[in-house]
Amino acid sequence: MNLSKGTRVLQSRYELLERVVRGRPGEENQSGEAENWLALGEYGQEFLLKIWPHSKDDPDVSDMNRALWDAELRTLYRACSSPGAERSLLVLREAGVDKELGILVMALEAPGYSCLAVELAENRSSHHWLTNENVESRRDLWNGLKGLADGLNLLHEQQVLHTGVSAESVFLDPAQGSDSLRLGGFEWSMRVGSGSARPMSAHWGTPPETMGGPHQVFGPDGDWFGFGILAARCLLSIEHLNNNSPTLQARYKQVLNKIDKSRDLLTDLERDFLLRLVAESPLDRMTRYEDIAVRIEDIVSRLGRSSAPNEWDDSYVLMIDPKNTQVTDSAMAAGLRRELSLGPTEMFNPRDAMHTAALTRFVQQDLNSQGARLYAVRNQHFFMLLGDRLQLRIGQYRDRDLGAGETEATWKHARVLGVGELRGASDDAVSVLPPGSVTVLNILQNLRRTEPTLLQNASSWERRLPKVDKAAKQRAELEKFCAFVRVTNQIELLFSRRRALRVPHRGPHRHRQRQGRDHYRRVGAPTRSSYLPPSRRRASRVPPARTRKLF
């Protein structure tokens with residue numbers, strides 16, 4: 001392909017700006033390999049173009065490649081149009097055949113188009129989340145890897161195998177950091193430009209059981225092995241092994257050795273997780289997305305805590321207003337009236353110190369007896385905190401005793417907004433607090449004077465707030481809609497076949513119908529006026545004799 005800067009493709013809609021390198025020079029010059037170009041669209045937007053040669057010298061091969069291209073595009077459009085795909089995958093925006101240049105072109109969109117393999121080899125020190133200097137940098141990296149795992153699972157749900165998960169297939173925007181990581185390289189399950197499938201070239205993520213063998217078998221398990229190698233390359237400085245290892249097997253052994261000796265750089269949870277992903281035996285590997293996602297979330301949660309545990313870990317402050325009638329009425333109905341020994345006509349008094357102290361004590365005991373459950377509510381800014389008998393709506397708290405510049409509410413402490421129901425809460429987005437972890441305080445008291453140590457050292461609620469995966473909910477609804485469409489199509493097909501194959505009924509009424517037709521032939525069909533009363537019949541009508549002649 002003779003492409004250069006300034007070349008316009010797809011009817012001059014895209015102008016090539018520069019070649020995007022995905023690894024060592026010369027790796028993409030093989031026959032049939034795609035070239036990656038950064039291009040400018042019609043409205044000044046940048047895209048990543050993947051370009052394959054499409055020669056028409058051999059019509060049979062050209063037609064086969066075009067048929068494979070059309071079939072692959074249908075799969076890609078379905079995968080890239082899934083809810084949440086833009087947050088983890090390179091999204092396909094346009095594809096076509098440029099007959100003048102003899103190329104196949106895919107236009108992909110992402111936050112950035114720098115290859116992760118290049119950043120690991122040349123610019124690792126420029127990204128704090130790749131330096132592995134502290135816990136915060138690793139937490140940011142694991143959050144980015146979680147997005148790539150979500151994208152890989154989305155492909156598997158669409159029956160698409162990546163077969164090449166590695167840093168060479170991940171793109172990012174260096175200015176945005178790990179949040180911009182997007183997975184690409186899943187465009188073809190076979191090389192374009194050849195008439196038949198051929199073995200894929202080995203790469204970092206190739207499982208050891210398929211290295212150098214005459215046959216290669218691809219599946220979701222191989223993709224997750226590649227994900228484990230990708231995570232190890234991001235967490236450890238092992239890029240030099242690509243040049244120092246004589247064989248692929250030797251490089252894999254050195255990677256295992258580096259992970260095993262990374263006790264000073266990684267936690268035991270991280271190291272064991274990597275070893276499970278890239279274990280030498282396929283039976284020992286972790287290959288289920290649900291297990292992998294839970295383990296990554298556990299790692300992020302552990303890294304978010306302080307390295308040295310102390311008495312303030314999992315200690316959360318909840319502010320309550322005794323003047324909130326919703327809360328007091330709910331507490332009274334749940335058992336506070338009996339604890340205060342109030343009669344049926346006596347009311348809660350928010351100005352009574354004994355009543356307010358009993359309220360905070362009652363709410364705290366209700367939340368801490370078995371561990372409170374925290375639910376996220378879709379499309380709302382509050383969360384539901386459930387105890388044994390109380391269901392509270394909580395939100396951010398703003399300390400009114402701070403200066404004028406500190407007026408923004410935060411999740412350093414939470415505040416009870418009222419009571420509510422679990423209607424609209426997500427069953428999948430729930431966090432369980434340890435028993436005894438919530439301290440309830442009266443918001444009307446001077447807490448800066450009475451509880452300064454607790455307010456300063458208490459843990460932030462942000463680390464416990466559950467998150468609603470809107471994309472997962474949309475995918476589930478879309479799957480139900482697709483199932484409904486398939487069922488209705490089957491029903492319509494059954495009805496159409498029933499009409500096409502309908503056989504005339506040969507029952508007794510057919511004999512009566514023939515007798516009726518023979519009777520009309522003998523005596524003649526009655527005219528319309530014969531059905532009218534005599535007073536409305538016309539004077540002249542067709543005689544029966546003439547009707548018999550017509551028949």
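In which handedness of crossing does H5 pass H8? The crossing is left-handed. This is a predicted model.

**Helix packing: H5 and H8**
- Helix H5 spans residues 220–235, and helix H8 spans residues 268–277.
- Their axes come within 8 Å and cross at roughly 140°.
- On the H5 side, the contact is made by Trp-224, Phe-225, Phe-227, Gly-228, Ala-231, Ala-232 and Leu-235.
- On the H8 side, Glu-270, Leu-274 and Leu-277 make the contact.
- By class, the contact residues of H5 with H8 divide into eight nonpolar, one polar and one charged.

**Cavity**
- The structure holds one cavity of 30 Å³ or more.
- The volume of the largest cavity is about 50 Å³.
- Its lining consists of Trp-204, Met-211, Phe-225, Ile-229, Leu-248, Arg-251, Tyr-252 and Val-255.
- Seven of these lining residues are nonpolar, none is polar and one is charged.
- Arg-251 is the charged residue of the lining, because Arg counts as charged.

**Helices around the cavity**
- H5 and helix H7 (248–260) each supply at least two residues of the lining.
- H7 gives the largest share, four residues.

Methods
Residues are numbered from 1 along each chain as its sequence is written. This is a predicted model: local features need pLDDT of at least 70, side-chain atom pairs count only at pLDDT 80 or more; totals for chains, interfaces and linings use all residues. Side-chain values use heavy atoms; hydrogens and water are left out. Axes are lines fitted to C-alpha atoms, for helices over the stretch in contact, and angles run from 0 to 180 degrees between N-to-C directions. A crossing is left-handed if the near helix is turned anticlockwise from the far one by less than a right angle, and right-handed if clockwise. Contact means heavy atoms within 4.5 Å. On a 1 Å grid over the protein atoms alone, a cavity is a set of points where a 1.4 Å probe fits but cannot get out, and a pocket is an open set with protein on both sides within 12 Å along at least five of seven lines; lining residues have an atom within 4 Å of a point. Grid points are joined across faces, edges and corners, and a volume is the space filled by probe spheres set on the points.
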